[in-house]
Amino acid sequence: MKQKRSIFLFSILALAVFASACHFAAVHPSLEADDIKSDDISVSSESTPIPTTEVLPLTPSAAPAATPTLFLTPTPTPEVITLTISAVGDITFGGNQKTTYPYSFDEYYDLYGADYFMKNVAEIFRADSFTVANLEGTLTDSDTIRTTKQWNHRGRPEYAEILKNASIEAVSLGNNHIMDYQKKGVADTIQNVTDAGLEYAISGPWGDQYGLYETAEGIQIGFVSVNEYYDGSGVYQYLEEGLLELREAGADLVFALMHWGGDKTHVIEKAQYEMGHWCIDQGYDLVLGCHPHVLQGIECYKGKYIVYSMGNFCYGGNKNPSDKDSMIFQQTFMFLDGVLQEETSIRAIPCRLSSVTNRNDYCPAILYGEEAEAWAARFNGYSEEFGLTFDAEGYLVDVLQSED
């Protein structure tokens with residue numbers, strides 16, 4: 001009986017040792033079975049609790065944090081508007097009271113029709129945004145002339161279609177020939193150009209109208225026309241009031257159309273300098289001059305341009321003028337989000353008021369080659385005092401800006 005009991009106790013003890021060894025291997029997996037020596041295992045007669053390893057419940061890995069969606073606001077594209085304007089000098093349709101019919105403007109009209117006169121330049125005007133000319137004379141059938149004048153200019157009422165067909169959008173009437181056929185001549189001229197769809201401007205005792213034209217790009221161009229030759233310093237009031245009125249009406253650009261200076265001279269008078277600078281100082285964007293019947297220089301004053309005289313362009317008042325030089329002045333303006341920018345460019349396209357040199361055929365022509373180079377040499381002489389130089393195509397290649 002004791003022998004059986006001893007065997008039983010021995011079996012219990014052996015099981016306890018085996019269990020302890022299994023636990024040790026589990027806790028120390030790096031130990032091989034051969035590393036466990038029997039001498040390292042001691043058996044106590046007291047009951048020793050067998051440590052257990054806590055088993056944690058398995059949980060799925062946490063999902064990665066969601067990446068926020070970025071909604072980028074597109075950068076607005078600035079609105080850029082560029083537009084080119086053209087301007088020409090004296091346009092006199094018909095002739096004066098002393099003009100005979102042979103080789104006259106009227107005869108050329110009867111022979112070749114309305115589109116003949118601007119056939120060489122009309123495409124330039126159609127390609128720009130705005131063209132303005134000085135209409136030097138009347139469009140009327142009145143016979144009541146001003147007897148105090150040596151030359152009274154008159155064209156047929158239907159000649160207004162010449163302007164319209166050539167894409168000339170506006171005319172300056174503030175000159176010394178608008179009143180050649182008295183009040184009826186003024187009224188008829190205004191009515192005829194208006195009926196042809198043109199804008200006009202005139203200031204002084206013969207009329208009070210400031211021009212405003214909206215281009216296809218949506219730019220409002222205002223213009224004031226004054227006759228300094230007759231009205232002298234009185235034109236300052238017209239210029240000041242016109243600028244204010246046009247700005248209040250929403251004009252983005254305002255031009256001063258000046259009838260000033262001496263007759264048939266390239267020399268600029270002191271009054272022209274002073275009045276041109278004053279216009280820019282007041283806020284005009286461009287000054288365009290007429291009356292001398294010949295070209296005068298161009299000045300860049302405080303970043304803006306003063307064209308002192310554009311000469312004759314399509315001139316029926318003389319069958320063969322000795323000085324046939326002419327030009328088409330162009331300026332390109334840029335607006336960024338509706339704001340006029342300082343960047344600008346100009347061009348003085350070399351022209352002759354006749355397509356032939358031996359007479360006036362009333363058909364202005366653009367010059368090329370040697371003729372254009374000769375024109376540029378002459379015109380650069382007129383603009384030399386201002387530091388402006390133009391090439392044979394009329395592009396500005398050198399500019400000196402004046403500040404006073």
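Reader: How many residues of β11 are buried?

Author: This is a predicted model, where local features need pLDDT of at least 70, side-chain atom pairs count only at pLDDT 80 or more, and totals for chains, interfaces and linings use all residues. Residues are numbered from 1 along each chain as its sequence is written, and side-chain values use heavy atoms, with hydrogens and water left out. Strands (E, at least two residues) and helices (H or I, at least four) are DSSP runs numbered from the N terminus. Buried means under 20% relative accessible area with a 1.4 Å probe, protein chains only, and β11 is mostly covered, its buried count being 5 of 5.

Reader: Which residues point the other way from L286, L288 and C290?

Author: β11 has two faces to consider. L286, L288 and C290 point one way, buried. Also buried, on the other side, are V287 and G289.

Reader: Which residue of β13 stands opposite V287?

Author: Two strands pair if DSSP finds at least two bridges between them. β11 and β13 run parallel, with 3 bridges. Opposite V287 stands I306.

Reader: What is the strand order of the open sheet?

Author: The sheet has 6 strands and mixed pairing. Its edge strands, each pairing on one side only, are β8 (211–214) and β12 (295–301). The order is β8-β9-β10-β11-β13-β12.

Reader: What is the handedness of the unit made by β10, α8 and β11?

Author: β10 and β11 are parallel, joined by 5 bridges. A crossover is right-handed if, with the strands pointing away from the viewer, the path from the first strand over the helix to the second runs clockwise. This β-α-β unit is right-handed.

Technical notes. Buried means under 20% relative accessible area, exposed over 50%, partly exposed in between (1.4 Å probe, protein chains only).
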